[in-house]
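Here is a short briefing on a protein and the DNA strands beside it. Look at the model first, then work through the points by topic.

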There are 2 protein chains.
Amino acid sequence: MASVEEFVESAGLYFERLGLSRTAGRVIGVLLVDPDDSADAPGLCEQLGVAKSSMSVALGQLERGGLVERFRPPRGRRDHYRLTEDVFGRAFRAKMAEFTAFAQLAEQGLAAVGDHPKSRARLEHMRDMYGFMGREFPKLLDQWDRERH
Amino acid sequence: MASVEEFVESAGLYFERLGLSRTAGRVIGVLLVDPDDSADAPGLCEQLGVAKSSMSVALGQLERGGLVERFRPPRGRRDHYRLTEDVFGRAFRAKMAEFTAFAQLAEQGLAAVGDHPKSRARLEHMRDMYGFMGREFPKLLDQWDRERH
DNA sequence: TAGTCTGTTCGGAACGGTCCGAACAGACTA
DNA sequence: TAGTCTGTTCGGACCGTTCCGAACAGACTA
């Protein structure tokens, strides 16, 4: 119940629900508990029992998503990967984008629906609520930054 | 760009990313713009071009998730479905649960990892940040309720 | 009771996403 | 230049999910 393997497996599950692939999620799990700050692709393949091609696309996903960054030590031959400084800040900002996207979806609905009062009221409620969250959530992030640093 | 069909299709896409099936998402789209407050299963099948078996499982998902509720008009023979009063409140609360789940994932990591300072610092940061969001987000919902009603 | 209507459950088909091994491209070494 | 190492891309296989049509179960009507 407290082994690193189990944690990595859980992380794979959790991050998969965020839209990542299972492998990408497990990579994040490894990087979270790794005593070193970084890992390299062959090591990750070995540790997770995954082909290097799959690892390549998983790491590409993570890099494009800004969750992981790639670097190469001086005089090194292979890339290393580590979590970006504010992985979690980024994850939260992605959530925020989701809020504004839903507000826009409501706008689309308002543009499409006629002038039925109930429909409009529903969609306006949706727009206002997601808009409110989209505005307030970043403030929460700022508050966290202030209280922490 | 402003037709109801397109809106329903968009809604299907958007809610699919929240973990619903495509069909369930489109059902929500229909219920959002429907001038009446409700729809019945045969009508939804007709409108979305979907088999009634698929509709049955989609509506079951939505009902179990608390997004849609089922009722039967007096002397009626068939069930009707409508969005629950605070669909969006529920959606936000689900997000909140996600936050606390990630805080717990961090706890699991802390229990599994040794005493490597960097690993612990990362995981404690994760735990604290998601914990903070899990505590503060409900307040945001309360604030919204107060300002609105 | 037989017939009709509503909704659920089941087995199989279809689809999208992920994975693997192999081929490939570029950088470095000898 | 030939050989080695690292990382990417490609085609095919696999897996889980969602869908459909059909069979089923329950409530109501005549």
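Helix H4(A) gives the most to the surface near DNA strand D, with six residues. Here a helix is a DSSP run of H or I with at least four residues, a strand is a run of E with at least two, and both are numbered from the N terminus. The model is predicted: local features need pLDDT of at least 70, side-chain atom pairs count only at pLDDT 80 or more, and totals for chains, interfaces and linings use all residues. Residues are numbered from 1 along each chain as its sequence is written, while chains are lettered from A and ligands numbered from 1 in the order in which they are written.

**DNA strand D**

- There are 20 residues around DNA strand D, and A:Ser53, A:Asp79, B:Thr23, B:Ser53 and B:Ser54 come nearest. A residue is near a strand or molecule if its C-beta atom, placed from the backbone, lies within 6 Å of it.
- Ala, Val, Leu, Ile, Met, Phe, Trp, Tyr, Cys and Pro count as nonpolar; Asp, Glu, Lys and Arg count as charged; the others, Gly among them, count as polar.

**DNA strand C**

- Which residues come nearest to DNA strand C? Of the 20 around it, they are A:Thr23, A:Ser53, A:Ser54, B:Ser53 and B:Asp79.
- The elements with two or more residues here are H2 and H4 of chain A, together with helix H3 (41-48) and H4 of chain B.
- H4(B) gives the most to the surface near DNA strand C, with six residues.
- That surface near DNA strand C divides into seven nonpolar, seven polar and six charged residues.

**Where chain A touches chain B**

- The contact takes 36 residues from chain A and 36 residues from chain B. Two residues are in contact if their C-beta atoms, placed from the backbone, lie within 7 Å.
- On the side of chain A, two or more residues each come from helix H1 (4-16), helix H2 (22-33), helix H5 (87-112) and helix H6 (117-148).
- H6(A) gives the most to that side, with 11 residues.
- The side of chain A that touches chain B holds 23 nonpolar, six polar and seven charged residues.

**Helix pairs**

- Two packed helices are described by the angle between their axes and the distance between the axes. Axes are lines fitted to C-alpha atoms, for helices over the stretch in contact, and angles run from 0 to 180 degrees between N-to-C directions.
- H1(A) and H2(A) pack at about 135°, with their axes 7 Å apart. That makes H1(A) oblique to H2(A). Angles under 35 degrees count as roughly parallel, over 145 as roughly antiparallel, 65 to 115 as roughly perpendicular and the rest as oblique.
- The contact of H1(A) with H2(A) has 12 nonpolar, three polar and three charged residues.
- H2(A) and H4(A) pack at about 75°, with their axes 9 Å apart. These two helices are therefore roughly perpendicular to each other.
- A:Thr23, A:Ala24 and A:Val27 of H2(A) meet A:Ser54, A:Ala58, A:Leu59, A:Gln61 and A:Leu62 of H4(A). The residues of this contact are five nonpolar, three polar and no charged.
- The axes of H5(B) and H6(B) come within 8 Å and cross at roughly 160°. That makes H5(B) roughly antiparallel to H6(B).

**Single residues**

- A:Arg75 lies in the loop between strand S2 (68-71) and strand S3 (80-83) of chain A. Its phi is near 65°, a positive value in a residue other than glycine.
- Is A:Arg75 buried or exposed? A:Arg75 is exposed, because 5 other C-beta atoms lie within 10 Å. A residue is buried if 20 or more other C-beta atoms lie within 10 Å of its own, exposed if 12 or fewer, and partly exposed in between, with C-beta atoms placed from the backbone.
- B:Gly60 is in helix H4 of chain B. B:Gly60 counts as partly exposed, with 13 C-beta neighbours inside 10 Å.
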